[in-house]
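Subject: Handover of a structure and notes on its contents

Dear colleague,

Please find below the structure that I am handing over to you. I would be grateful if you kept it open while reading the notes.

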Amino acid sequence: METISKSIRRFDFDDKVEGKAKYCADLHPEGMLYARTLRSDVSRAKIRAIRLPELPEGYTIVDHHDIPGKNLVPIVYDDQPFLAVDEVNYIGQPILLVIGEDKETILDIIEKIEVDYELLQPILSIEDAIKQSGSFIFGDKPYFVGYEYAKGNPDAAIAQAVRVIEDELRTGYQEHVYIEPQAMLGIYDGERVSVYGSMQCPYYIHSGLKQALGWGDDRVRVVQLPTGGGFGGKEEYPSIPGVHAALAAIKMGRPVQLVFDRPEDIRASTKRHPSIIRIKSHLDADGRIIAREVDVKLDAGAYAGLSSVVLQRTIFSVCGVYDVPNLKVTGKAYGTNNIVTGAFRGFGGPQAFFAIEMHMAHIATELGVDPLEWRRSYFLKKGDTSSTGGVLYSDIKLAEIADAVSRLSDYQEKHSAFSSNKSFWKGIGCSFFFHGCGFTGSGEAELLKSRVKLKKYADGTVGIFVSSTEIGQGALTTLRKIVSQTLDIPIEQVKLTYPDTADCPDSGPTVASRTVMIVGRLLQECAIEMKQRWAEETFEVMKDYVYPEHLSWDSEKLAGNAYPEYSWGANVVEVAVDPVTYEVETKGVWAVYDIGTPIDEKIVQGQIEGGIIQGLGYAAMERLQTKEGKLLQDSLSEYLIPAAVDFPRITLELIENPYAGGPFGAKGLGELPMIGAAPAFAAAVEQAIGKKIDRIPVIPEYIRELMI
């Protein structure tokens, strides 16, 4: 049988390329109605009254009174209502729904609804939140959650240091710009409500429905439809429109479709967390880093959402791929009256690695050393401990990665040439990074408790039953490959469809670069048992996730193995800056990764190229600003994302390093390519202009500001 890495035709290829795939907006069941959301247009206020116009026959509203259960989204903290009750905390917060047969009539009704607000003083930035002495958004403090941890003896090392190099690095919002906006369809049969839609995590919506309705599992069903991308934006957020569609369908007794247009999607859905990260490196007399202090501040927006776990990944990533013996790390996720921030590809990692990699570049500049070679002297190795003190058990091939990316890009030669001749206005930058695969800490075992199922049928076919979703990353294909290769049967005999909570167990959300490594491994274990029992005509095999015995995690002390395994990477970016317009042209992009064994080479290539381009957009052009809590860019004519012509072809190489705990040696991939592009790009521009860069995006206006 061919190696598992050899590419095959994707199982969702034909339907999507030929336009046959039926997305949520394509569905029109008999009697279907439409819904639209009335949203807050102020950032913080009490709701004194809502005045409705006279509603035409057949039109109605759904508000918090129509929620029979708990009006709180079940995430980490129960603080965000599905529909506002007596206050609003950000522009775009849902207040009520209008439902009816005609979209234009619905819009006209929404236009005529009057909300009487008692305006309150909003908190509109991290700095404002820190200054706040009362009237907090959440509890009795300006932040939702705060963490701290240490490694070694940082205070003693700091006392011995002879030099301190310090940076403050900032990142802003990023919009997901998935192809398909948020979309849900609710159907109620008088006993059970079913929600169909565009999503990453069916069981998140399932939990939301049970909480809002107060119903049991048997009365709630969630089905994923073909989904036009997610990038984290369809992780936790769809629980809100999913519950809205269900409430509307139950009240009307007819199917109800809720589909956002692009401006509403941008104004209402979650974003990447803005960050302010301060790093102090303490050096000894030989110029070696002996201690490091890091403080992370994230803008969580108006509700806690997933900010606690995003913050954890940020503070566990912010020390980078470097072995510094003494660390002191703190972090807080602040409450503001800005839009809620949440899951986004990389999940706090891009902010962390932008900060640490720019800081390492700045130290190298101050010391007058080659940035790549200097980094190499601090690389983590097998047997070292992570920033949280967890032993790194697997081979770490950072040196091999550095050799490869330097060879591919001619990094040293170009960096030296650009440094010696500043008339070029050219620069080259590098970055090194990792992504912890799977849920943070012991979350895989204690929170998710993932379960998968394989079923053998009498005709020799095998069905896969998991809640892992296909959102463009190739799960419908890669999971089939793992099972068919393990069973040694043609892949056409293995069946997998979009998940339906009525018949698939909860294998966990499609997040955290866990689908292949965690879910795929469980399926491989099922297939191994099934192969041994193949003579049986029909049967099922189920497997639950078991936390590896050699790992340990203390969630109170934030100590131990923060992740079960890591994928590693390096990027190099070369740029030329126009000395008149300050426009930046990217001349080359090189990428080297260790993702274990690739399950499908073309799918891997697509994930890497897409992730790098998304990271370069974050670095170079994607500017999303707020004023008084309102997003200033709410269309794709104002919020710019990369097109095919904006960046050159990417040169890619993979390092062979199979992981024993993954199927066929595979590790996580999906988020890793997003992480390293921004610091490599910013460092390249920094060399080209000879000025320190401390924030992204690096747009011409920012470069002009630096050059004046």
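The notes below treat aromatic rings, charges over rings, a pair of packed helices and one glycine.

This is a predicted model, in which local features need pLDDT of at least 70 and side-chain atom pairs count only at pLDDT 80 or more, while totals for chains, interfaces and linings use all residues. Residues are numbered from 1 along each chain as its sequence is written, and side-chain values use heavy atoms, with hydrogens and water left out.

Aromatic rings

Searching the whole structure gives 18 aromatic pairs. Rings of Phe, Tyr and Trp (its six-membered ring) pair if their centres lie within 6.5 Å; planes under 30 degrees apart are called stacked, those over 60 edge-to-face, and the rest tilted. Phe353 and Phe434 form an edge-to-face pair, because their ring centres are 5.0 Å apart and their planes stand at 90 degrees. This pair joins distant parts of the chain: Phe353 belongs to helix H9 (residues 349-367) and Phe434 to strand E16 (residues 426-437), 81 residues apart. Helices (H or I, at least four residues) and strands (E, at least two) are DSSP runs, numbered from the N terminus. Phe353 and Phe434 are both buried, that is, under 20% relative accessible area, where exposed is over 50% and partly exposed lies in between (1.4 Å probe, protein chains only).

Tyr566 and Trp568 make a tilted pair, 5.8 Å from centre to centre with 40 degrees between the planes, and both residues are buried.

Charges over rings

The charged end of Arg272 sits over the ring of Tyr618, 5.1 Å from its centre. Likewise, the charged end of Lys456 sits over the ring of Trp534, at 4.3 Å from the centre. The criterion is that NZ of Lys or CZ of Arg is within 6 Å of the ring centre and within 35 degrees of the ring normal.

Packed helices

H9 packs with helix H18 (residues 677-689) at an angle of about 35 degrees, the axes being 8 Å apart. Axes are lines fitted to C-alpha atoms, for helices over the stretch in contact, and angles run from 0 to 180 degrees between N-to-C directions.

One glycine

Gly443 lies in helix H13 (residues 443-448) and is buried, with a relative accessible area of 4%. Gly443 and Ser555 are 112 residues apart in sequence and 9.6 Å apart in space, C-alpha to C-alpha.
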